[in-house]
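Here is a friendly walk through one protein chain, written for reading with the viewer open. Please keep the sequence at hand as you go.

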Amino acid sequence: MKLIDGKATAEAIKAEIAATVEQMVAEGRKRPHLAAILVGHDGGSETYVANKVKACERCGFRSTLIRFEDTVEETQLLEAIARLNADDDVDGFIVQLPLPRHISEQRVIQAIDYRKDVDGFHPVNVGRMSIGLPCFLPATPAGIVELLGRHGIPTKGAECVVLGRSNIVGKPVAQLLMQKHNPGDCTVTVCHSATRDLKEHTRRADIIIAALGQPDFVTADMVKPGAVIIDVGTTRVPDPSRKSGFRLCGDVDFENVAPICSWITPVPGGVGPMTICSLMQNTLLAARHEIYD
């Protein structure tokens with residue numbers, strides 16, 4: 001078994017991005033500028049946005065954080081998005097999800113200029129991705145594909161099972177891995193809560209991508225020897241031995257599954273760092289106008 005080290009891979013990519021940015025600045029071009037809108041004080045979102053700000057510093061980007069209380073009206077949020085759409089200095093921006101229940105996430109996502117949608121959630125980017133056109137790819141699926149590629153994991157013709165059908169991870173990673181790319185060219189099965197005989201699907205898989213948000217869901221009896229396991233889950237579970245009182249737990253029973261795998265991502269330190277890294281890559285693409293003019 002070999003660990004897929006997302007943290008080390010992400011650091012290497014951020015160093016590459018930083019070198020590109022310094023070259024841009026030396027040529028007289030402006031630094032890439034990423035903005036983020038954060039609504040409320042959700043602990044996970046606060047941590048994630050703080051990590052994005054740190055990643056911007058590491059990559060040589062400018063960053064702007066716009067905060068709203070969770071009582072903000074949807075119209076106020078849409079006005080802030082309109083201002084960022086119109087700001088030529090901002091290359092890309094994100095609205096951190098989830099949002100309070102009184103705000104429509106779909107209306108918010110569709111209000112973002114798709115040319116600045118570095119999260120890759122706008123319907124234009126989703127549609128272009130589905131037919132293989134250049135676009136901003138959603139960060140977590142892009143990070144997964146990058147990990148497979150940089151670790152030399154063969155995917156052509158591989159049986160890949162994706163556990164979960166979310167719009168953010170499950171559906172887009174399935175689309176990316178079935179396309180004629182390397183990594184890609186997989187035969188993909190997407191499993192979900194209504195799937196029958198789940199273990200029959202997973203035991204055939206050369207690659208399992210677990211994106212359910214259910215701690216320790218994937219057990220050893222669901223995995224064939226030599227499979228590649230990508231664990232997207234990051235659920236906080238109580239742990240009195242930790243100073244924080246909790247620990248992050250993946251969707252895979254790591255202790256028992258890891259010994260029978262060829263490759264596996266740890267939690268934390270696997271897919272998570274790559275998600276933020278992919279956001280940095282999209283922001284660089286936006287600043288260089290490599291996707292849209």
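**The chain as a whole**

Please keep in mind that this is a predicted model. The protein chain holds 10 helices and 11 strands. Its radius of gyration is 19 Å, close to the 19 Å that the globule rule gives for 293 residues, so the chain is as compact as a globular protein of that length. Along the principal axes, the C-alpha atoms fill a box of roughly 55 × 40 × 35 Å.

Of the 293 residues, 48% are buried. Among contacts with a separation of 6 or more, 71% come from residues 24 or more positions apart. The chain exposes about 13,900 Å², and carbon and sulfur atoms supply 51% of that area.

Met-1 sits in the segment before strand E1 (2–3).

**Salt bridges**

How many salt bridges does a search of the whole structure find? The search finds 16.

| Salt bridge | Distance (N to O) | Relative accessibility |
|---|---|---|
| Glu-16 and Arg-150 | 3.0 Å | Glu-16 40%, Arg-150 38% |
| Arg-31 and Glu-22 | 2.9 Å | Arg-31 32%, Glu-22 40% |
| Glu-200 and Arg-203 | 2.9 Å | Glu-200 45%, Arg-203 36% |

The side chains of Glu-16 and Arg-150 meet in a salt bridge. This pair links distant parts of the chain, with Glu-16 in helix H1 (residues 6–26) and Arg-150 in helix H6 (residues 139–150), 134 residues apart. Glu-16 counts as partly exposed, and Arg-150 is partly exposed too.

In the second pair, Arg-31 is partly exposed, as is Glu-22. In the third, Glu-200 counts as partly exposed, and Arg-203 is also partly exposed. Elsewhere, Glu-11, Lys-14 and Arg-58 are linked in a network of salt bridges.

Helix H1 also contains Thr-20. With a relative accessible area of 28%, Thr-20 is partly exposed. Leaving aside residues up to four places away in sequence, Thr-20 touches Leu-284 and Arg-288. From Thr-20 to Gly-213 the C-alpha atoms are 35 Å apart in space, and the two residues are 193 apart in sequence.

A search of the whole structure finds 0 disulfides. A disulfide would need the pair of sulfur atoms within 2.5 Å. Cys-160 counts as buried, at 0% relative accessibility.

For Cys-191, the closest cysteine sulfur is in Cys-160, and at 10.0 Å it is too far for a bond. Cys-191 is buried as well, with a relative accessible area of 2%.

**Helix H7 and its cover**

Which residues of helix H7 (residues 170–178) are buried? They are Gly-170, Pro-172, Val-173, Ala-174, Leu-176 and Leu-177. The cover over these buried residues includes helix H5 (123–130), H6, strand E5 (159–163), strand E6 (187–191) and strand E7 (207–210).

**Backbone details**

One joins Leu-97 and Pro-98, with omega about 5°; Pro-98 is in the loop between strand E4 (92–95) and helix H4 (105–111). Another joins Asn-182 and Pro-183, with omega about 0°, and Pro-183 is in the loop between H7 and E6.

Positive phi angles come next. Asp-216 has a positive phi of about 60° although it is not a glycine. Asp-216 belongs to the loop between E7 and strand E8 (228–231), and with a relative accessible area of 35% this residue is partly exposed. His-289, also not a glycine, has a positive phi of about 55°. His-289 lies in the segment after helix H10 (271–287) and counts as partly exposed at 48% relative accessibility.

Conventions. Residues numbered from 1 in each chain as written. Predicted model: local features only at pLDDT ≥ 70, side-chain atom pairs only at ≥ 80, totals over all residues. Heavy atoms only, no water. Helix = DSSP H or I, 4+ residues; strand = E, 2+ residues; numbered from the N terminus. Salt bridge = Lys/Arg side-chain N within 4 Å of Asp/Glu carboxyl O. Buried < 20%, exposed > 50% of the residue type's maximum accessible area, 1.4 Å probe, protein only. Rg over C-alpha atoms; globule rule 2.2 N^0.38 Å. Contact = heavy atoms within 4.5 Å. Areas by Shrake-Rupley, 256 points an atom, 1.4 Å probe, with all protein chains shown as cover.
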